[in-house]
Amino acid sequence: MWDFSTEPDFQERLDWASTFVREECESVDVLFPGGGAPYDVQDRAARAFVEPMREEVKAHGLWACHLGPELGGPGYGQVRLGLLNEILGRSHWAPTIFGTAAPDTGNAEILAMFGTEEQKARYLQPLLDGDIVSAFSMTEPQAGADPKEFVCAARRDGDEWVIDGEKWFTSNARYAEFLIVMAVTDPDAAPHARMSMFVVPRHTTGVEIVRNVATFVESADDDGTHAYVRYTDVRVPLDHMLGGPGEGFKVAQARLGGGRIHHAMRTVGRCARILDMMAERALSRRTQGTALSDKQSVQQALAESSIELAQLRLLVLHTAWVIDTQPPGAARNGIAMCKVQMSRVQHDILQRAVHLHGSLGTTIEMPLAQWWSQTPHLALVDGPTEVHRTTVAKGLLGQYSPAPGLFPTEHVPTRLAAAREKYADRLAAL
Ligand SMILES: Cc1cc2nc3c(=O)[nH]c(=O)nc-3n(C[C@H](O)[C@H](O)[C@H](O)COP(=O)(O)OP(=O)(O)OC[C@H]3O[C@@H](n4cnc5c(N)ncnc54)[C@H](O)[C@@H]3O)c2cc1C
């Protein structure tokens with residue numbers, strides 16, 4: 001049964017969220033700008049402003065919708081989460097106001113699955129309540145896309161693990177209460193069994209932020225949110241390992257799949273907002289006696305953008321449906337496809353939108369410039385496009401076998417000979 005409808009009661013919640021995000025969250029975006037602003041729990045002014053908004057979200061049953069009921073969320077599943085996230089993707093602050101911001105969502109899942117009761121009380125509950133934020137410390141300065149190249153290591157010393165090494169691009173480490181760190185615990189094991197995952201309180205002795213690296217959109221004036229972190233003789237108790245020794249890859253996968261599709265859901269919303277802006281501009285701006293919307297080239301740009309967005313949206317929602325309805329792992333290919341496609345679609349739609357807005361589109365007076373400078377992130381965060389294309393290709397090839405003979409199975413003379421042999425009697429009777 002294929003059905004593209006939304007249950008009326010959930011649609012009502014989505015309608016409320018849509019109005020709330022446009023009227024309230026998008027205002028917070030301009031009042032409290034800055035890439036790291038939603039993660040800075042010390043910013044009392046911003047916190048005081050958004051706290052009542054969070055209460056409203058909770059009252060509407062839309063707080064932390066990525067979580068199941070056992071963790072205090074409504075457990076709507078991925079399709080309904082996708083429909084909500086595409087609304088939240090319009091706004092920088094909305095995921096924080098709705099309790100679904102990355103990387104805290106994935107870190108919460110890891111703690112829920114692998115943390116001790118004490119860690120859940122100390123970190124998970126305040127994280128779910130939105131009182132603290134966390135960071136995920138995996139990428140290293142010398143190696144990002146291939147974790148098999150990682151060297152940051154943890155060794156056991158009595159009843160402690162001791163972590164030494166460096167990590168790169170640990171987003172929000174400066175605001176985090178704890179970091180989830182991947183470290184080599186058995187360098188001689190098979191590649192996927194070398195690493196383990198640890199929860200490390202941010203203020204543990206030996207955790208040092210070498211510098212907060214700024215991306216294009218952030219100013220170099222200590223505004224960066226992606227930390228270069230050094231771990232020197234960092235000691236944590238044995239129970240701070242999440243999962244078993246050598247299970248770092250397994251634990252990472254538990255969070256990365258969800259993280260990737262959630263980014264894709266939000267990208268759909270961002271692209272829809274950009275398309276809204278394009279349509280308004282096309283209808284508002286006149287040149288050579290007509291509105292831009294009357295020019296065929298502008299219509300082509302709008303149509304292409306609309307088609308690409310519709311394709312991405314269907315891919316994302318179908319993948320969400322696979323996650324909801326099929327066994328773990330079934331959505332692996334779909335998630336990789338979403339990961340590849342979201343950066344391409346946002347890039348192409350944004351390029352047309354900036355162009356359509358002319359000189360204004362290139363300025364900081366429009367949000368387009370900020371989104372434009374963030375677009376390369378989508379192709380890198382949680383692994384570069386090429387790696388996900390490889391996943392898609394391997395998934396595809398896994399469903400096929402080499403041709404049984406000298407020629408491909410679609411070779412016409414070979415098929416004709418086989419058909420003649422199969423139907424020899426009927427052909428003879430003609
Ligand atoms: C905004 C942002 C936030 C991030 N946040 C975090 C975070 O919180 N925690 C964290 O641990 N990491 C984080 N990262 C890092 C991210 O995971 C890495 O950027 C990513 O895994 C790629 O690693 P790298 O940057 O070292 O690139 P590299 O590994 O150096 O790769 C560079 C390029 O080489 C090519 N390449 C790499 N591998 C292959 C391959 N197998 N086949 C073909 N070509 C290939 C690709 O073109 C790739 O883009 C973040 C990155 C960004 C941009």
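This is a predicted model: local features need pLDDT of at least 70, side-chain atom pairs count only at pLDDT 80 or more; totals for chains, interfaces and linings use all residues.
At what angle do helix α8 and helix α9 pack, and how far apart are their axes?

Helix α8 covers residues 296-325 and helix α9 covers residues 332-356; they pack at an angle of about 160°, and their axes are 10 Å apart. Angles over 145 degrees count as roughly antiparallel, so α8 is roughly antiparallel to α9. The crossing of α8 with α9 is left-handed. On the α8 side the contact includes Val298, Leu309, Leu312 and Val316, and on the α9 side it includes Ile335, Met342, Val345 and Ile349. Sorted by class, this contact of α8 with α9 has 14 nonpolar, 5 polar and 3 charged residues.

Next, the other partner of α8, which is helix α7, residues 248-284. Helices α7 and α8 pack at an angle of about 160°, with axes 10 Å apart. That angle makes α7 roughly antiparallel to α8, and α7 passes α8 in a left-handed crossing. From α7, the residues in contact include Ile261, Met265, Val268 and Leu275; from α8, they include Val298, Leu309, Leu312 and Val316. The classes here are 16 nonpolar, 3 polar and 1 charged.

Now the division of the chain. The protein has domain 1 (8-101), domain 2 (134-246), domain 3 (250-397) and domain 4 (403-430). The centres of domain 2 and domain 3, taken over C-alpha atoms, are separated by 30 Å. Where these two domains touch, 8 residues of domain 2 are in contact with 9 residues of domain 3. The domain 2 side of that contact has 7 nonpolar residues, 1 polar residue and no charged residues.

That brings me to the ligand. Which domains give residues to the shell around the ligand? Domain 2 and domain 3 both do, so the ligand lies between them. In total, 19 residues surround the ligand, and the closest are Met138, Gly144, Ala145, Ser171 and Glu386. By class the shell has 9 nonpolar, 8 polar and 2 charged residues. Three elements, β1 (133-137), β3 (160-171) and α12 (385-397), each supply at least two residues of the shell. Strand β3 gives the most, with 3 residues.

One backbone detail belongs to that strand. Phe169 lies in β3, and Phe169 has a positive phi of about 65° although it is not a glycine.

Last, the stretch around helices α5 and α6. A cis peptide bond joins Ala102 and Pro103, with omega about 0°. Pro103 sits in the loop between α4 (94-97) and α5. Helix α5 (residues 104-114) packs with helix α6 (residues 117-128) at an angle of about 150°, their axes 10 Å apart. The two helices are therefore roughly antiparallel to each other, and their crossing is left-handed. Asp104, Asn107, Ala108, Leu111 and Ala112 make the contact from α5, and from α6 it is Gln119, Lys120, Tyr123, Leu124, Leu127 and Leu128.

To go back to the opening question: the angle between α8 and α9 is about 160°, and the axes are 10 Å apart.

How values were computed: Residues are numbered from 1 along each chain as its sequence is written. Axes are lines fitted to C-alpha atoms, for helices over the stretch in contact, and angles run from 0 to 180 degrees between N-to-C directions. Helices (H or I, at least four residues) and strands (E, at least two) are DSSP runs, numbered from the N terminus. Angles under 35 degrees count as roughly parallel, over 145 as roughly antiparallel, 65 to 115 as roughly perpendicular and the rest as oblique. A crossing is left-handed if the near helix is turned anticlockwise from the far one by less than a right angle, and right-handed if clockwise. Two residues are in contact if their C-beta atoms, placed from the backbone, lie within 7 Å. A residue is near a molecule or strand if its C-beta atom, placed from the backbone, lies within 6 Å of it. Ala, Val, Leu, Ile, Met, Phe, Trp, Tyr, Cys and Pro count as nonpolar, Asp, Glu, Lys and Arg as charged, and the others, Gly among them, as polar. Domain bounds come from an automatic or database domain assignment.
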